[in-house]
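Q: I have a model open and would like to go through it piece by piece. Can you keep the answers plain?

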Amino acid sequence: MIKTDHLCKRYDSVTAVEDVTFEVQPGEVLGFLGPNGAGKTTTMRMLAGFVTPTSGRASICGHDVESAPLAARQCVGYLPEGAPSYGEMRVRGFLEFIADLRRLEGARKRARLDHVIERLQLASVLEQPIETLSKGFRRRVGLAQAIVHDPPVLILDEPTDGLDPNQKHEVRSLINEMAREKIIVISTHILEEVDAVCTRAIVIARGRIVADDTPLQLAARSRYHNAVSLQLEQPDQLAAAREALAELPSVAQVEVSERDARLTALPRAGAPILQAISELSNSRGLKLKELHLESGRLDEVFRTITA
Amino acid sequence: MRNVGLILRRELASYFATPLAYVFILIFLVLANAFTFYLGDFYQRGQADLQPFFAFHPWLYLFLIPALSMRLWAEERASGSIELLMTLPVRVWEAVLGKFLAAWLFTALALALTFPIWITVNYLGSPDNGVIIASYLGSLLLAGGFLAVGSCMSALTRSQVVAFILGVVACFVLLLAGYPLVINAFQGWAPHALIDTVASLSFLTHFQSITRGVLEARDVLYFAMLIAFFLFTTAVALDLRKAE
């Protein structure tokens with residue numbers, strides 16, 4: 001379990017993190033969201049033991065990060081921002097060095113190394129110096145060192161940054177696979193990632209937690225929650241369709257995008273409007289290319305609460 | 001101690017993974033011999049000893065050791081790998097000691113590779129090999145002192161150039177602490193006790209007393225305490241501002 005209690009970090013005049021309190025249980029994948037500079041990395045660094053909190057406390061699996069730093073760190077696999085490593089080392093040598101410091105020995109060390117090399121597809125670059133690798137490979141080496149000792153807690157700072165879509169998919173499925181028995185905290189500013197892997201999202205802005213919810217509930221805060229979006233076959237029906245939609249009592253607002261002949265009807269106070277709109281388009285003879293119900297737009301929620 | 005060994009091994013291997021090790025050893029050997037033969041009048045003196053060889057070591061170390069020590073921590077900071085190292089289950093002093101010992105072992109290797117001059121002097125005459133062994137140990141201790149100072153300077157910055165300059169200046173002051181150049185800066189305002197303390201900190205005085213052939217506990221203790229002090233300072237500096 002990860003527990004933080006009124007965690008604060010101040011630098012001279014700047015407050016990087018203020019009064020951050022949360023708990024994470026095994027099986028949860030927590031996504032840290034927030035604009036750049038909001039305090040995501042500082043919070044993760046405090047959990048990993050790299051930055052000392054100004055006040056408040058944090059514990060990992062019951063070990064306080066300040067009073068029992070080694071025990072806490074042994075429970076954590078940490079991928080720092082930018083996946084730093086020793087560039088002149090070869091991949092195999094680097095992973096062995098980390099495994100040794102993580103106190104893996106003998107058959108277990110070999111088995112764990114084989115596992116992470118296979119899982120992150122590093123076999124082809126094992127004998128290459130890390131500094132000669134592509135960004136994607138370097139990130140995967142960073143992930144490999146984080147999970148080599150099979151820790152109960154994973155803290156990953158932007159694990160998919162710099163990866164191509166295939167590699168992103170691979171890393172996300174790796175996270176999903178490990179999610180069942182571990183505690184995973186990731187930071188990201190890619191909102192689709194939250195939907196893809198997180199069971200819970202904490203949004204941080206200016207060092208404070210501004211939202212702590214499931215991705216679904218977070219999206220439900222959007223004014224697009226339960227909105228209906230429809231695309232017309234014939235763009236010349238756009239004006240008529242707009243008027244018709246606006247007349248429905250349960251529709252609060254209609255947004256029009258002329259470029260792709262799309263209309264979005266926003267409901268009044270979350271009222272269900274799909275039924276009414278589908279009936280309306282039938283009775284008015286609107287030819288529809290597409291009609292769908294929106295669950296909410298995370299990016300819009302994100303902008304609203306972090307602005 | 002296991003972690004110290006692991007870090008030492010990684011660090012030492014990284015010297016040889018880059019041209020650094022070879023360039024350093026080559027330059028060290030060339031300069032050490034050039035100084036001995038051209039500036040030290042090794043042949044003309046007509047004496048079978050290595051006095052002219054060891055006399056130049058402090059000046060050689062003054063520039064070469066900071067060049068070696070500047071990367072110890074500044075590079076870790078610049079590349080961000082310090083964040084990796086400091087979040088592994090490793091104590092700060094284990095990392096400081098491991099890195100220092102790797103650098104010291106490396107200078108010991110460079111020093112050991114000067115053995116042809118020892119063979120030469122034994123071939124030419126019959127030197128006092130006891131004095132030569134003491135001098136080698138003194139030179140190694142001196143290198144350790146310089147490295148510890150350099151390690152501390154390297155921990156203060158993320159720029160290797162700054163670490164190098166700070167290292168040279170700090171080593172220069174310590175080297176000449178007993179000489180007018182440094183003492184004059186204290187005379188007139190500092191109490192005598194302080195001036196005496198500063199003067200007794202001189203690398204050069206302690207090194208020269210060893211190279212005369214007397215390996216006194218006082219001098220060995222001086223270097224041991226100096227190394228311990230600067231390594232401790234390195235660890236404190238890292239602990240206070242590792243993330244900056």
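Q: How many bridges join strand β9 of chain A to β10(A)?
A: Five bridges join β9(A), residues 200–205, to β10(A), and the two strands run antiparallel. Helices (H or I, at least four residues) and strands (E, at least two) are DSSP runs, numbered from the N terminus. Two strands pair if DSSP finds at least two bridges between them.

Q: Before going on, what sort of model is this, and how is it numbered?
A: This is a predicted model, in which local features need pLDDT of at least 70 and side-chain atom pairs count only at pLDDT 80 or more, while totals for chains, interfaces and linings use all residues. Residues are numbered from 1 along each chain as its sequence is written, and chains are lettered from A and ligands numbered from 1 in the order in which they are written.

Q: Back to β10(A). Which residue there stands opposite I202(A)?
A: D212(A) stands opposite I202(A).

Q: And what sheet do these strands belong to?
A: An open sheet of six strands in chain A, in the order β6-β7-β8-β3-β9-β10, with mixed pairing. β6(A), residues 76–79, and β10(A), residues 208–213, are the edge strands, each pairing on one side only. On average, neighbouring strands of this sheet are turned by 15° against each other, direction ignored. Axes here are lines fitted to C-alpha atoms, for helices over the stretch in contact, and angles run from 0 to 180 degrees between N-to-C directions.

Q: Which helices pack on that sheet?
A: One is α1(A), residues 40–48, which touches β3, β6, β7, β8 and β9 of chain A. Its direction makes about 150° with that of β7(A). Another is α6(A), residues 165–179, which touches β3, β7 and β8 of chain A and makes about 150° with the direction of β8(A). Two residues are in contact if their C-beta atoms, placed from the backbone, lie within 7 Å.

Q: What else does α1(A) lie across?
A: α1(A) lies across β1, β2 and β4 of chain A, running at about 120° to β1(A). Those strands are in an open sheet of four, ordered β2-β1-β4-β5, with antiparallel pairing. The edge strands are β2(A), residues 14–24, and β5(A), residues 63–64.

Q: How many bridges join β4(A) to β5(A)?
A: Two, and the strands run antiparallel. S59(A) has D64(A) as its bridge partner in β5(A).

Q: What does β13(A) pair with?
A: β13(A), residues 262–267, pairs in the antiparallel sense with β11(A), residues 228–232, over four bridges. Six bridges join β13(A) to β12(A), residues 251–257, also antiparallel. Within β13(A), T264(A) is the bridge partner of S229(A), and A265(A) is that of V254(A).

Q: Which residue takes a positive phi in the hairpin of β12(A) and β13(A)?
A: A261(A), with phi near 50°; the hairpin has four residues between the strands.

Q: New topic: chain B. How many helices and strands?
A: 14 helices and zero strands. The radius of gyration of chain B (taken over C-alpha atoms) is 19 Å, close to the 18 Å that the globule rule gives for 244 residues, so chain B is as compact as a globular protein of that length. The rule is 2.2 Å times the number of residues to the power 0.38.

Q: How do α7(B) and α14(B) pack?
A: α7(B), residues 92–112, and α14(B), residues 217–241, pack at about 130°, with their axes 9 Å apart. That makes α7(B) oblique to α14(B). Angles under 35 degrees count as roughly parallel, over 145 as roughly antiparallel, 65 to 115 as roughly perpendicular and the rest as oblique. Among the residues of α7(B) that meet α14(B) are W93(B) and F100(B).

Q: And where the chains meet, how many residues does each give?
A: Chain B gives 18 and chain A gives 20. On the chain B side, the largest share, five residues, comes from α1(B).

Q: Which helix of chain A packs with α1(B)?
A: α3(A), residues 91–101, packs with α1(B), residues 2–17, at about 165°, with axes 10 Å apart. The two are therefore roughly antiparallel. F97(A), D100(A) and L101(A) meet N3(B), L6(B) and R10(B) there.
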